[in-house]
Amino acid sequence: MKLTSCKIAAASTANFFTTSTAPCNSKPYMVSKSKSFGLRFNSPNYLRSFNGLKAATSVNCESESSFLGKESTAALRDSFAPKAVKQNRDTVTRFQPRASFKVAILGAAGGIGQPLALLIKMSPLVSTLHLYDIANVRGVTADLSHCNTPSQVLDFTGTAELPNSLKGVDVVVIPAGVPRKPGMTRDDLFNINANIVKDLVEAVADTCPDAFIHIISNPVNSTVPIAAEVLKQKGVYDPKKLFGVTTPDVVRANTFVAQKKNLKLIDVDVPVVGGHAGITILPLLSKIKPSVSLTDEEVEELTVRIQNAGTEVVDAKAGAGSATLSMAYAAARFMESSLRALDGDSDVYECSYVQSELTELPFFASRVKLGKNGVEALIPSDLQGLTEYEAKALEALKSELKASIEKGVAFANKQPVTA
């Protein structure tokens, strides 16, 4: 199985066009009479090399999509640009995929919502970005709309505009809610965020029931079961399309392992299973790719740091908020993976907290294969051949995760949904 969870690729259909950077007193060089021409490449031929969400340029290729890393840009340049450069070395090749998906962010004016909106605005696969919040979203939209990327940005304020923010949407991402403060656990957020998630998911069920739903609002171990129960009560639950975003745990695990063992980050892949809080976060360090040797002490140190990484940021911010930038980055990565799957890429794998049969628990985070209809397959191989340390940790997390799931289900069943 080829794992490409770190990959963000361009859309499967793209336009390429050339413009001249010759001095203004020179006669422009025209490649052809038309301003653009089409070039199609299918999913197996995506620009596969990717090293994080970052802007990149190279000598002769200037990207209009900020999701291209330097290797991708080089590949694009080598395959196309030389034909133009031979005739005029000042010619610049520009790349612009045909964006086609509509995304809504519910909670777009918050600490996670704003940087997440920026990153999604940079995606070459997004045609329209809807930003919803109860206040302050108009300014965010005005600011973001100045970015010269293709997607259109629209703002929606207050519950009266919530249905319109969801019309025709392909993916809904929910970072809405209050952040953690020092001394708080994710579970301390339950009473506030549970009601927020319930109300938002009700609107999703009424307006865009076929959309992918990405839940970021903590505690994810409980808010995803809440969302599932709401969708069931509305008669539109599709377990393949409901995701708890645990990508931050994967991002942190990859980063910490690469730093610890001095590895090239783009090569590191650590599956993280279980849930998204404390000991329910279980990085499977015996499954690291590429394979590395870790002492028992290193395994313990890395595991504890990954489990407490969110708290590390909360404490460092000293009351000024929780992890927002790394969370937005991770959520953008999961968003892009979902969009690539919707676009027909058949080689998309991510870890996510979903309805699962891999354990006796009804919800469990594991690696999944994504497709046009959501979760195509759960990947059981990561749970096979665990070390003694991992096996004990897996058993230890189950009781806490079970309690969190049951708490969410009980909450949803006590709260009648609106008709």
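Pro 290 is placed in the loop between strand E12 (281-283) and helix H9 (296-307), where helices (H or I, at least four residues) and strands (E, at least two) are DSSP runs numbered from the N terminus. The peptide bond that leads from Lys 289 into Pro 290 is cis, with omega near 0°.

This is a predicted model, in which local features need pLDDT of at least 70 and side-chain atom pairs count only at pLDDT 80 or more, while totals for chains, interfaces and linings use all residues. Residues are numbered from 1 along each chain as its sequence is written, and side-chain values use heavy atoms, with hydrogens and water left out.

**Backbone features in loops**

Most residues other than glycine have a negative phi, and most peptide bonds are trans. A cis peptide bond, with omega of about 0°, also joins Asn 218 and Pro 219, and Pro 219 has its place in the loop between strand E9 (212-215) and helix H7 (220-234).

In the table, exposed means over 50% relative accessible area, against buried at under 20% and partly exposed in between (1.4 Å probe, protein chains only).

| Residue | Phi | Relative accessible area |
|---|---|---|
| Asn 136 | about 65° | 66%, exposed |
| Ala 318 | near 50° | 62%, exposed |

**A buried leucine**

Leu 401 belongs to helix H12 (residues 388-414) and is buried, with a relative accessible area of 0%. Neighbours within four places in sequence aside, Leu 401 is in contact with Asn 221, Gly 274, Gly 275, Thr 280, Tyr 353, Leu 361, Phe 363 and Phe 364, contact being taken as heavy atoms within 4.5 Å.

**Two crossing helices**

The axes of helix H8 (residues 247-261) and helix H11 (residues 325-342) come within 8 Å and cross at roughly 110°, the axes being lines fitted to C-alpha atoms over the stretch in contact and the angles running from 0 to 180 degrees between N-to-C directions. H8 is therefore roughly perpendicular to H11, since angles of 65 to 115 degrees count as such, those under 35 as roughly parallel, those over 145 as roughly antiparallel and the rest as oblique. On the side of H8 the contact is made by Thr 247, Pro 248, Val 250, Val 251, Arg 252 and Asn 254, and on that of H11 by Ser 326, Met 327, Tyr 329, Ala 330, Arg 333 and Phe 334.

**Pocket and cavity**

On a 1 Å grid over the protein atoms alone, a cavity is a set of points where a 1.4 Å probe fits but cannot get out, and a pocket is an open set with protein on both sides within 12 Å along at least five of seven lines; lining residues have an atom within 4 Å of a point. Grid points are joined across faces, edges and corners, and a volume is the space filled by probe spheres set on the points.

The largest pocket holds about 720 Å³ of space and is lined by 36 residues, of which Pro 175, Ala 176, Gly 177, Val 178 and Ser 217 lie nearest its centre. Helix H6 (190-207) is one of the elements that each supply at least two lining residues, and H6 gives the most, with four.

The count comes to one cavity of 30 Å³ or more. The largest cavity has a volume of about 40 Å³, and its lining consists of Pro 209, Ala 211, Ile 213, Leu 231, Val 236, Asp 238, Lys 241 and Leu 242.
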